[in-house]
Structure formats: C-alpha cells, structure tokens
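Here is my note for someone opening this entry for the first time. Please keep the model in view while reading.

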Amino acid sequence: MSVIVKNISKTFKLSTKQMKINKTTNNLLLAVDDVSFTAYPNEVFGLLGPNGAGKTTTLRMIATLIKNDQGEIFINNESSTNFLSVRKNIGFLTNDIKIEEQMTPNYAFEYFGRFYKMTPEEINERKRYLFGKFGVEKFQEVKVGDLSTGMKQKVSICCSLVHDPNIIIFDEPTNGLDVLTAKVVTDYLIELAKDGKTVIMSTHIMNLAQKICDRIGIIINGKMVENDLLNNVLEKHQTNDLEEVFFNLYKKEVGE
C-alpha cells in the first residue's frame, strides 16, 4: 500500500502566549506549506528536518488525526477523508501520545486490540509475536509508569502495531532512547519494509536517516525542499554525506 501526499497545507491559529514564544505579531502559523511526496511499499521513507519544521503536523495529517486545510492524501488509492476506513491500515507512533501509566503492557495491548475489533485469539497471537520481538514478556504485568523510557517506547510500538497495519508511521521513534534500544527500533523498521510494509519515519538525525532510509523528503519551515531516492539526492548534491546536504539546504532556505 502506498501513501500519496498531494499539495497539503495546514495553518494553526496561535494564542497570545504562542505568539510571544514565536516572536511574531501574526496569529496564524503556516505549519505545512504545499507538501507533496509518495511513500512506497518495501521502502523506508524518511521525512527529515529540524524541530518545528512541520514533520509531526504532516504525519498527523497522514494518520488522519488532524485535517489538512488544502491538498489531498491517499492511502492505497483511498482518500484519507474516509478516515474510518483508512485508519485500519495505519499504525501511528508519536512521543506526544502516551499510554496511561496505570495500565500494564498486557492490558494496554488488549485494549488496543479490542479497539481494532480483533478477536481474543488474534490479540494473543499478535501479542506473543510482538512482546517476544521487543522483550516485553517479563514486564507485561508491570505498570507502564514503572517501566524505563526504552521499555515504554517498546510497549508503545507493540500497541501501535497490534493490528498488523500495512502502513507504519513513526514520528521521531528514537527520541530519548539509549543506543541499544534505538537500534532495536530502527532494525525493526527496516525489517517491516522488507516484509512489504510502507514505512514513514520522521527524524532530525541525518546519520540515522542515511543508514535506514530508501527515500527521503527534507522539510524546512513547512516546505519540502528535497524529495527523491536517497542515492539520487546524494548524487544530485555531489556528496556521500546526507548531513552536508541538509545543512546546505537549511542555510539556503533560512538565509544563513
């Protein structure tokens, strides 16, 4: 299943406090500005950019959590406006969405499974696989609030993938993780792509993107400034260093 994003834009109204933080007198923020790209099965698409570039807003629109003001999004050729239909194909993970800390991983996983109308047998089979994959079994009856940051992230990943979605959208999946846990997560993203899933990942870590992404889109100040296969991007800019590409584009866009 592919994800096609066509000319999407999103504007937010800022509060007085937010206007002060952003040092602006304009109460409207154009967070995403005419962004287009396509993510394909068997690939990891990296949506890259600095903090505040519009990555999370873009992913939330694709995941149908917020509506785009303009443009269109298609999930396997179906419009995202049919959100009840397309959501069953999407697994979305973001650090802004937390599992209730009084829940146990076991309870949370079953809760999400029931949400997707899975049978108890389907939930248990999927749980055995994912909890085994991420080493959650020993902690499945421990309250989420008592788990380490890395284990919380692993539980969140398990819950986001409970229904075995064909499209996986992960927003900054390695934020706050130790090196070992981050590697487990990124290795699994590569494995999912090899299994035919469509994987979209946002990150501001260029070295990570260069290691695992097949295709990239670089977004700066809400605008997509580069979008192609990773190898094509590197060839175009005559370098083997994606970080160098990013910094050159950033300087060009912000005028530094």
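**Notes on the sheet, cores and helices**

1. Start with one pairing. Ile 218 has Glu 226 of strand E10 as its bridge partner. Strand E9 (residues 215–220) and E10 run antiparallel and share six bridges. Two strands pair if DSSP finds at least two bridges between them. Strands (E, at least two residues) and helices (H or I, at least four) are DSSP runs, numbered from the N terminus.

2. A word on the source. This is a predicted model, where local features need pLDDT of at least 70 and side-chain atom pairs count only at pLDDT 80 or more, while totals for chains, interfaces and linings use all residues. Residues are numbered from 1 along each chain as its sequence is written, and side-chain values use heavy atoms, leaving out hydrogens and water.

3. Now the whole sheet. Six strands make an open, mixed sheet, ordered E6-E7-E8-E3-E9-E10. Strand E6 (90–94) and strand E10 (223–229) are its edges, each pairing on one side only. From one strand to the next, the twist averages 15°.

4. Val 44 sits in strand E3 (residues 43–48). Is Val 44 buried or exposed? Its relative accessible area is 1%, so Val 44 is buried (under 20%; exposed is over 50%, partly exposed in between, with a 1.4 Å probe and protein chains only). Val 44 touches Leu 189, Ile 190 and Val 199, among others, not counting residues up to four places away in sequence. Contact means heavy atoms within 4.5 Å. Thr 198 is 154 residues from Val 44 in sequence, yet their C-alpha atoms are 6.8 Å apart.

5. Next, the cores. The largest nonpolar core holds 48 residues, and Ile 216, Ile 218 and Leu 189 are among those with the most contacts inside it. Such a core is a set of buried Ala, Val, Leu, Ile, Met, Phe, Trp, Tyr and Cys residues joined through side-chain atoms within 4.5 Å. Helix H7 (residues 179–194) gives the most to this core, six residues. A second, separate core has 25 residues, including Leu 47, Ile 90 and Ile 219.

6. Last, a helix pair. The axes of helix H5 (residues 120–134) and helix H6 (residues 149–160) come within 10 Å and cross at roughly 150°. Therefore H5 is roughly antiparallel to H6 (angles over 145 degrees count as such). Axes are lines fitted to C-alpha atoms, for helices over the stretch in contact, with angles from 0 to 180 degrees between N-to-C directions. Leu 130, Phe 131 and Phe 134 of H5 meet Met 151, Lys 154, Ile 157 and Cys 158 of H6.

Terms used: Parallel < 35°, antiparallel > 145°, perpendicular 65-115°, else oblique.
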